[in-house]
Amino acid sequence: MTRAPSYREATARHRVAGLLDAGTFVEWVGPGARATSPHLAALGSPVSFDDGVVVGEGRLAGERVLVIAQEGLFNGGAVGEVHGAKIRGAFERACTQPPRAVVFCIDSGGVRLHEANAGLLAISEIMRALFAAQSAGIPVWALVGGSCGAFGGMGIVARLCDAVVMSEEGRLGLSGPEVIETVKGVEEFDARDRALVWRVTGGKIRRTLGEATHLVEDNLVAFREAVVALLAAGQGPVPFTLETLQASQARLEARTAWDAALRDGQSLWDRLGLADAALMETEQFNRRLQEVS
Amino acid sequence: MRDDKSALFARLFPAGHDVTCEAQVLQGWGDAGDGRVHVVGTTDHAAIDTRIALDLARAVLAAVAQDGGGAPRPIVFIADTQGQALSRREELLGLNGYFAHLARCVHLARQQGHRLVTLIDGEAVSGGFLAFGLLGDAIVALPGAEVRVMDLRAMARITRIPLERLTELAHTSPVFAPGAENYWRMGGIHALWAPQEDRGAALRALCAEAGTEDQRARLGAERGGRRLALAIARQVRDAA
């Protein structure tokens, strides 16, 4: 039996092809449109014909879904004016021509510094457009398993989604470990300690905290199956009302009150009786997490 | 409360106000002359951590709950943040998720009919600005306000583009260099208030005019600072 292709190693286009039913993908403003970033060009930096993001629609298990996939290999999947506008436009389209769901393959360190102001505004516009799609009844599902993870503004966007499917290799946070180390020192966060980085930002700890709703193995088939399961379960957008947000508020207040010494996912796993969480296979981890929850 | 914030509230709300400041979080009400509005915000260039994000979210939810069943009053956000807190513990807790929660609370307030007006007084930086002030229906920079993602020195270091090149290009392009004026040109800030303006009258006008549609990309195109955002989004939305 051949091993299913790694999600982490795949390009954005390979991810889209691997997630959707064969031959169903239609891209909007694709590479042929040559919508490149004039701001990168002005700084003499390389451009990409799709500005690092693929948007379009296709079928997944026969259902029409809108897909957005960021290319982590181009500028770390960072959001610039054109890249952000394509994502925003896709969410607006979800309101005018409703798909069953939006599948959002996030692979991004956040704002693209070469066009930082435009990127920041673009992410704000994406947040508002995403809210509008959810209000229109379209669920948005984030897949986080690329090499750049979901950080900065895209870390916030990921947590606005109705489901977050992660692999153990995926990472989710706000400030990257390198930024924290640079500003606060290596004692605060040693960005070269990869195991520590994963115990703070990785898929298993995010699943433990309930932020990732699903933890899957690092392969395209597993990610596709997770989305198929969401479709089959008839998942709609998670409603948010004053009552549900007050409940979230109480949950988050309880977490912030955890003792100040808690700075490593391992401490949390020790407390939960999952001391060897980092070593477990995904399936075993999911089973054990369910047992202790 | 810092003197500069007290002075700001005195000018904004000549008809009275009661805003408290606790651990860098502002909360209360003010009256610019046509009834009370809610006031929620931060001061002293706050680094937004999970605690501040929760305090802000709680204040927004309280405003929504208070006006439930009656007429929703505007919420005036005071943005003064140096960005998000940089800490391993905060990352472990999932600071991005707290920011997402705050953003949802702000969106709920909009849906419930509260007009949201953001006044940038001090600094508005990156993540701390995204989850809160940048979600306003109308965003205004007060004189001296600093708006940015990153200063040019740090940007030069990370992108490995010479500082001189960045400084030179910043004269003609608003897309990367810090500055409220640059954000105005790109449509991200609706108005820049002049030093001598009647703040109460300006705030009343803002609360009355603010619409709930996101017009920033259109404004950016009109003002020439962001020419592609609207056009590309339309192309995707309307592609055959």
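This is a predicted model: local features need pLDDT of at least 70, side-chain atom pairs count only at pLDDT 80 or more; totals for chains, interfaces and linings use all residues.

Visitor: Which residues of helix 10 of chain A are buried?

Guide: The general idea comes before the case. An α-helix has 3.6 residues a turn, so residues three or four places apart point the same way. In helix 10 of chain A, the buried residues are A:Leu242, A:Leu245, A:Ser248, A:Gln249, A:Leu252, A:Arg255 and A:Thr256. Viewed down the helix axis, these buried residues fall within an arc of 135 degrees, so they line one face of helix 10 of chain A. On the other side of this helix, A:Glu243 and A:Arg251 are exposed.

Visitor: Against what do the buried residues of helix 10 of chain A pack?

Guide: They pack against three helices of chain B: helix 2 (50-67), helix 3 (88-93) and helix 4 (95-111).

Visitor: Which residues of helix 11 of chain B are buried?

Guide: In helix 11 of chain B, residues 229-238, they are B:Ala229, B:Leu230, B:Ile232, B:Ala233 and B:Val236. Their cover includes strand 2 (53-60) and helix 3 (81-96) of chain A, together with helix 10 (216-223) of chain B.

Visitor: I turn now to cores. How many residues does the largest nonpolar core have?

Guide: To read a core, one looks for buried nonpolar residues joined through their side chains. The largest nonpolar core here has 130 residues, and those with the most contacts inside it are A:Ile68, A:Phe91, A:Phe104, A:Met127, B:Ile120, B:Phe129 and B:Phe176. Helix 4 of chain A (residues 116-135) gives the most to this core, with 12 residues. Apart from it lies another core, of 26 residues, among them A:Tyr7, A:Ala10, A:Leu19 and A:Leu143.

Visitor: Which residues does A:Phe91 touch?

Guide: Leaving aside residues up to four places away in sequence, A:Phe91 touches A:Ile68, A:Val102, A:Phe104, A:Ile126, A:Ala129, A:Leu130, A:Ala133 and A:Val140.

Visitor: How many residues of chain A are in contact with chain B?

Guide: There are 79 residues of chain A in contact with 72 residues of chain B. Between them the two chains bury about 6700 Å², 64% of it on carbon and sulfur atoms. A:Leu113, A:Asn117 and A:Arg128 supply 12% of the area that chain A buries against chain B, more than any other three residues.

Visitor: How many salt bridges are there between chain A and chain B?

Guide: The count between these chains is two. A salt bridge joins the side chains of A:Glu253 and B:Arg58, with a distance of 2.8 Å, N to O. Over all chains, the structure holds 33 salt bridges.

Visitor: Which parts of chain A does the pair A:Glu211 and A:Arg255 link?

Guide: The side chains of these two residues meet in a salt bridge of 3.1 Å, N to O. A:Glu211 is in the loop between helix 8 (203-208) and strand 7 (214-216) of chain A, whereas A:Arg255 is in helix 10 of chain A, so the pair links distant parts of the chain, 44 residues apart. A:Glu211 is buried, with a relative accessible area of 1%, and A:Arg255 counts as buried at 11% relative accessibility. A:Arg159, A:Arg206, A:Glu211 and A:Arg255 are linked in a network of salt bridges.

Visitor: Is each of them buried or exposed?

Guide: Buried means under 20% relative accessible area, and exposed means over 50%. A:Val29, at 11%, therefore counts as buried, whereas B:Arg160, at 75%, counts as exposed.

Definitions and conventions:
Residues are numbered from 1 along each chain as its sequence is written. Chains are lettered from A and ligands numbered from 1 in the order in which they are written. Side-chain values use heavy atoms; hydrogens and water are left out. Buried means under 20% relative accessible area, exposed over 50%, partly exposed in between (1.4 Å probe, protein chains only). Helices (H or I, at least four residues) and strands (E, at least two) are DSSP runs, numbered from the N terminus. The arc is that of the directions from the helix axis to the C-beta atoms. Contact means heavy atoms within 4.5 Å. A nonpolar core is a set of buried Ala, Val, Leu, Ile, Met, Phe, Trp, Tyr and Cys residues joined through side-chain atoms within 4.5 Å. Buried area is the accessible area (1.4 Å probe) that two parts lose on being put together, summed over both. A salt bridge is a side-chain nitrogen of Lys or Arg within 4 Å of a carboxyl oxygen of Asp or Glu.
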